[in-house]
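Student: Please take a close look at one part of this model, the aromatic residues and what surrounds them. I would like a single connected account.

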Amino acid sequence: MLPPLLIISISIVAIEVVVGVIGNGFITAVNIVNWIKRKTISSADMILIFLSTSRFILQVTILMHIHSLYFADEFKLASVYKAFGAVWMFVNHASLWFSACLYVLYCVKIINVTQWLLLQIKLRIAGMVPWLLLGSLVISSMTSLPLLWIAPSTYLCSSTGNCRENSTAHITHWDSSYLYLLLLYFVGCFFPLVLSMVTSALLITSLWKHTKKMQCYVDTFRDPLIDVHLTAVKSIISFLILYLSSFAAQILLMLSTSQSKDDVKVAVSLVLAGAYPSMHSIVLIIVNSKLKSAFRMLFQHLKCHLENMIPCLIL
């Protein structure tokens with residue numbers, strides 16, 4: 001029987017997953033429908049399709065991970081457990097790289113540049129996006145597929161290939177395979193996080209400079225470029241806060257063991273780990289005018305449909 005606190009946290013994570021699946025599915029559907037209608041797609045929309053799809057898969061793996069820890073016997077096999085871990089790490093790293101690509105695109109398009117190299121990147125960024133996405137997939141594969149060759153002991157599995165027997169084992173030393181696992185995770189997260197932080201710093205600096213330049217016109221009109229800057233800054237800062245919280249929570253979950261884990265720490269870590277892909281999808285819908293408009297239309301349609309159904313149900 002699970003402790004009540006863990007039952008509550010798992011229920012919250014399940015709600016987060018449902019919200020995230022709906023949000024990320026909505027983002028993917030809207031952009032694909034627009035792509036089909038217009039026969040063309042913008043660079044930002046292409047990245048959003050990859051990002052929302054990877055987040056969708058990531059949330060499914062989070063739900064499967066919780067299920068495997070407490071309920072599913074088939075995940076106790078070392079081979080299945082390793083394959084599951086590789087898939088989780090791949091989509092986790094890929095979604096982080098896709099987020100970094102999105103904010104690099106925002107930064108390049110918004111910031112005014114005068115250097116020749118940066119100007120060339122600004123002019124060619126649309127053609128570079130597919131290659132950036134492909135590169136993100138390749139790098140994510142390089143930092144996740146090696147998990148398939150890590151010794152089962154890393155996953156606290158027995159020599160017979162069953163992880164249940166050692167599921168209560170306590171990690172008393174850091175063997176090479178376990179350090180390799182953590183190294184892959186940190187390497188896969190470090191570079192896109194640094195890229196996102198650099199992009200955030202550039203956007204904030206650009207916003208500050210532009211605001212300072214336009215102070216003399218503040219009583220005359222509101223510069224729309226400031227609104228664009230603010231939208232991008234809010235989006236990337238919310239992403240960094242959510243992901244850093246999730247990153248810390250995932251590390252705690254990776255280091256926790258059945259004998260030593262604190263129920264409160266595990267419960268909070270589960271909620272924080274599940275919040276990042278769900279809440280950031282909501283942020284992306286709010287800051288994107290096209291997605292926000294599509295969501296309002298969908299909401300109005302559902303509202304009218306429900307209002308028409310209620311009288312029929314009463315009768």
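Tutor: Phe247 is buried, with a relative accessible area of 16%; buried means under 20% relative accessible area, exposed over 50%, and partly exposed in between, with a 1.4 Å probe and protein chains only. The model is predicted, so local features need pLDDT of at least 70 and side-chain atom pairs count only at pLDDT 80 or more, while totals for chains, interfaces and linings use all residues. Residues are numbered from 1 along each chain as its sequence is written, and side-chain values use heavy atoms, with hydrogens and water left out.

A pair of aromatic rings is described by the distance of the centres and the angle of the planes. Here, rings of Phe, Tyr and Trp (its six-membered ring) pair if their centres lie within 6.5 Å; planes under 30 degrees apart count as stacked, over 60 as edge-to-face and the rest as tilted. Searching the whole structure gives 13 aromatic pairs. In one of them, Phe247 is stacked with Tyr185, at 5.6 Å centre to centre and 5 degrees between the planes. Tyr185 lies in helix α5 and Phe247 in helix α6, so this pair ties together parts that are 62 residues apart in sequence. Helices are DSSP runs (H or I, at least four residues), numbered from the N terminus. Tyr185 is buried, with a relative accessible area of 0%.

Another pair is formed by Phe190 and Phe191, which is edge-to-face because the ring centres are 5.3 Å apart and the planes stand at 80 degrees. Phe191 is partly exposed, at 48% relative accessible area.

Tyr185 and Phe247 also belong to one aromatic cluster, whose other members are Trp88, Tyr103, Tyr106, Phe186, Phe239, Tyr243 and Tyr276.

A nonpolar core is a set of buried Ala, Val, Leu, Ile, Met, Phe, Trp, Tyr and Cys residues joined through side-chain atoms within 4.5 Å. The largest such core has 60 residues, and Leu102, Tyr185 and Tyr243 touch the most other members. The elements giving two or more residues to this core include α5 (176-213) and α6 (224-255), as well as α3 (78-110). The greatest contribution comes from α3, with 15 residues.
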